[in-house]
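Visitor: Could you walk me through this one and tell me what stands behind each label you use?

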Amino acid sequence: MKTTTAEPAAGAFPSAEGQERLYSAADWYDAESLLTAGERRVLARLREFLDQQAKPLLAEYWERGEFPEQLAQPLIDLDLMEPADLAGHGMENGPAREIYQGFRIFELARTDASLATWYTAQAGLFRTAIRVGASEEQQLEWMPKVIDFSLKGVFSLTEPESGSDIAGGLSTTARFEADAGGGAWVLDGAKRWIGGASTADVLAVFARDVADGQVKAFLVDRLAEGVSLEKIHGKTSLRMMQNAHITLEGVRVPEAMRLHNVNSFRDVAAMLRAMRSDVAWIATGIQAGAFEAALRYVNERRQFGRSLGSFQLVQEKLARMLGNITASLSLVVRLTEQQARGIYRDQDSALAKMQTSLFMRETVALAREVVGGNGITLAADVARFHADAEAVYSYEGTHEINALIIGRALTGESAFAR
């Protein structure tokens with residue numbers, strides 16, 4: 001007797017445990033089954049907020065080039081960084097599980113890249129600066145405030161004339177001036193592309209100590225004398241994310257506000273190694289958002305009397321997009337599992353960021369392609385992902401820099417320009 005397996009209906013993909021899926025066809029191999037039931041509930045709560053409150057605003061604010069500030073506090077109030085309602089489910093004795101943190105980024109990015117970038121500026125970049133760069137005493141004081149957003153900060157490393165060469169080209173300076181009150185550091189220089197700076201309480205500024213030539217880090221009050229911020233206009237990508245050009249002129253910072261565990265660029269590199277995996281999750285989420293928008297469109301749009309989704313060439317492109325997303329999820333999940341065991345290697349995070357970004361570029365282009373002319377309008381959703389992908393492709397390490405990090409690990413030879 002021949003046994004047949006029924007094909008699932010479009011979009012109907014139960015999880016391995018038979019539970020309702022969060023990510024449906026965008027997670028073909030059910031990576032979300034690694035999440036606990038409690039973590040799924042938190043992510044479902046985030047999904048409800050994004051669908052009901054965020055999505056109706058995205059096209060308008062993206063076109064205006066403004067961040068929808070009315071979403072900020074409700075998003076903070078969702079308690080996503082260390083969810084209190086997950087206490088008692090294996091998370092009460094430590095930070096939220098890394099796989100949950102990854103899917104939190106994925107969920108935000110599949111809705112909008114600027115929302116994901118805004119949230120991870122605090123939950124990823126700034127939190128990592130404190131976790132890696134602050135002393136134990138500083139962490140005890142600051143980390144609870146980072147988690148509940150009562151101390152909002154941004155990671156201020158990139159400079160106007162230095163991007164990929166920042167390790168050797170950091171021009172912002174710090175000099176220590178002793179006085180009767182114990183002394184202070186004086187910062188001079190400029191930072192650029194700093195997302196979220198205009199609403200931060202402090203700027204985590206990296207500067208080269210003129211005394212020893214080593215990189216140090218400081219929490220600078222955004223309103224301190226000598227600090228000026230200018231919004232970067234004219235962007236065609238991540239338009240909702242507010243990026244700033246920061247100028248520092250004789251800014252005085254007390255020693256207590258220096259991150260005491262940052263004493264060289266090697267310490268900064270440890271932060272970048274941890275943060276690059278977050279960007280790989282963003283790149284993966286962007287693919288899922290673009291794919292899902294394209295899939296909805298081709299199933300609804302009719303041409304030549306048929307659904308667009310019924311055409312062979314459209315289905316081939318959908319399959320390629322799904323292949324890219326599946327491969328990307330496999331990379332980021334495996335990387336996250338490895339880092340959860342305390343294994344952090346430059347080449348691993350570089351590979352994940354490089355490859356997911358390559359897949360992302362192709363996926364958003366294919367999504368734009370199957371949607372046709374409507375793919376360049378905000379109404380179909382795809383255009384936002386298509387444009388925003390370009391910024392994500394470049395930040396936290398360009399394709400070329402990540403490739404050289406991997407190549408150095410493979411060959412033992414550094415091909416970086418000297």
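Visitor: What makes Y23, F103, F106 and W281 a cluster?

Guide: Ring pairs link Y23, F103, F106 and W281. Rings of Phe, Tyr and Trp (its six-membered ring) pair if their centres lie within 6.5 Å; planes under 30 degrees apart count as stacked, over 60 as edge-to-face and the rest as tilted. The structure holds 13 aromatic pairs.

Visitor: Why is the pair of F67 and W118 called stacked?

Guide: The centres of F67 and W118 are 5.4 Å apart and the planes make 25°. F67 lies in the loop between α1 (37-64) and α2 (72-77) while W118 is in helix α4 (residues 113-133), so the pair ties together parts 51 residues apart in sequence. Helices here are DSSP runs (H or I, at least four residues; strands are E, at least two), numbered from the N terminus.

Visitor: And what makes the pair of W118 and Y119 tilted?

Guide: Their ring centres are 6.4 Å apart and their planes stand at 55°, so the pair is tilted. W118 and Y119 are both buried, and F67 is buried too. Buried means under 20% relative accessible area, exposed over 50%, partly exposed in between (1.4 Å probe, protein chains only).

Visitor: Before I go on, where do these numbers come from?

Guide: This is a predicted model, where local features need pLDDT of at least 70 and side-chain atom pairs count only at pLDDT 80 or more, while totals for chains, interfaces and linings use all residues. Residues are numbered from 1 along each chain as its sequence is written, and side-chain values use heavy atoms, with hydrogens and water left out.

Visitor: How do you know that T356 is buried?

Guide: T356 has 0% relative accessibility, so it counts as buried. T356 sits in helix α9 and, not counting residues up to four places away in sequence, touches A280, A283, T284, Q287, S328, L331 and V332. Touching, or contact, means heavy atoms within 4.5 Å. The T356 side chain also reaches the backbone oxygen of K353 at 3.4 Å.

Visitor: D79, then: buried, exposed or partly exposed?

Guide: D79 comes out at 30% relative accessibility, so it counts as partly exposed. D79 lies in the loop between α2 and α3, and its phi is positive, near 60°, in a residue other than glycine.

Visitor: What makes the contact between R273 and D346 a polar one?

Guide: Their side chains meet at 2.6 Å. A polar contact is a pair of N or O atoms within 3.5 Å (within protein, one must be able to donate a hydrogen and the other to accept it, and residues adjacent in sequence count only if both atoms are side-chain atoms). R273 is in helix α7 (residues 265-300). Leaving aside neighbours within four places in sequence, R273 contacts Q339, Y344, R345, D346 and S349.

Visitor: How do you know that R64 lies over the face of Y61?

Guide: R64 is at 4.3 Å from the ring centre of Y61. A charge sits over a ring if NZ of Lys or CZ of Arg is within 6 Å of the ring centre and within 35 degrees of the ring normal. R384 lies over the face of F385 as well, at 5.0 Å from the ring centre.

Visitor: What makes a set of residues a nonpolar core?

Guide: It takes buried Ala, Val, Leu, Ile, Met, Phe, Trp, Tyr and Cys residues joined through side-chain atoms within 4.5 Å. The largest one has 82 residues, and L75, F103, W118, Y119, W281 and I286 touch the most other members. Helix α7 gives the largest share of this core, 13 residues. Another core lies apart from it, with 25 residues, among them A134, L170, A217 and V262.

Visitor: Why is α10 called largely enclosed?

Guide: Ten of its 13 residues are buried, so α10 is largely enclosed by the rest of the structure. The cover over those buried residues includes α1, α3, α4, α7, α9 and α11 (399-411).

Visitor: Where is the kink in α10?

Guide: The kink is centred on D388 and comes to about 25°. The bend at a residue is the angle between axes fitted to the seven residues ending there and the seven starting there.
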